[in-house]
Amino acid sequence: MGEMIYYFNGEWVPQDEVMIHPYDRGFTMGDVVFDVERTFDGKLFRLREHMERIHRSLQYYRIAPGISMDEMEALSEEAVRRNEHLRHLFGDFAVRQTVTRGRVPLATQGSPLDELTATVIIAVDPLIWSHAGQYDTGGAVVFP
């Protein structure tokens with residue numbers, strides 16, 4: 001089938017090679033910002049709006065991703081292109097940008113958080129949408 005390709009800290013790597021360090025604050029403290037969008041027929045939906053939202057959140061949390069909003073947008077589009085050959089297996093993709101504050105080295109536990117190097121991941125995965133067929137037919141909903 002082939003393995004999905006992710007953007008991970010400046011490199012394009014197979015999904016299984018993306019490894020978060022045990023001292024990454026996204027892992028240890030939940031110090032992370034993310035956004036998710038989907039594709040329709042392989043085209044990202046409202047990507048610019050998603051990029052504006054994640055960058056507002058990053059500014060609010062004072063996490064410097066090390067790449068601009070335009071670069072993140074271009075990398076997200078590139079991630080979809082790099083995985084396009086697998087789309088026929090799933091129909092469409094979910095694309096997720098994840099930015100953590102980064103790894104805190106043990107020797108510098110007291111260092112200022114704004115001096116850390118962010119971890120940046122752009123992941124493309126099969127869109128698992130269990131009620132996609134209900135776009136045309138509708139679905140039953142129960143509110144308690």
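Helices (H or I, at least four residues) and strands (E, at least two) are DSSP runs, numbered from the N terminus. I note that this is a predicted model, where local features need pLDDT of at least 70, side-chain atom pairs count only at pLDDT 80 or more, and totals for chains, interfaces and linings use all residues. Residues are numbered from 1 along each chain as its sequence is written, and side-chain values use heavy atoms, with hydrogens and water left out.

**Entry 1: the chain.** I found four helices and six strands. From the N terminus on, I read their order as β-β-α-β-β-α-α-β-β-α. I then looked up burial, where buried means under 20% relative accessible area, exposed over 50%, and partly exposed in between (1.4 Å probe, protein chains only). Of the 144 residues, 39% are buried.

**Entry 2: Thr-98.** I located Thr-98 in strand β5. Thr-98 counts as buried because its relative accessibility is 16%. I next checked contacts, meaning heavy atoms within 4.5 Å. Neighbours within four places in sequence aside, Thr-98 is in contact with Val-32, Val-33, Phe-34, Thr-119, Val-120 and Ile-121.

**Entry 3: the core.** I looked for nonpolar cores, sets of buried Ala, Val, Leu, Ile, Met, Phe, Trp, Tyr and Cys residues joined through side-chain atoms within 4.5 Å. The largest one has 28 residues, and Met-72, Val-95, Val-99 and Ile-122 have the most contacts inside it. Two or more residues each come from β1 (5–8), α2 (47–61), α3 (69–83), β5 (93–100) and β6 (119–126). I noted that β6 gives the largest share, five residues.

**Entry 4: Val-95.** I listed what Val-95 touches beyond four places in sequence; among them are Asp-35, Leu-44, Val-80 and Ile-122.
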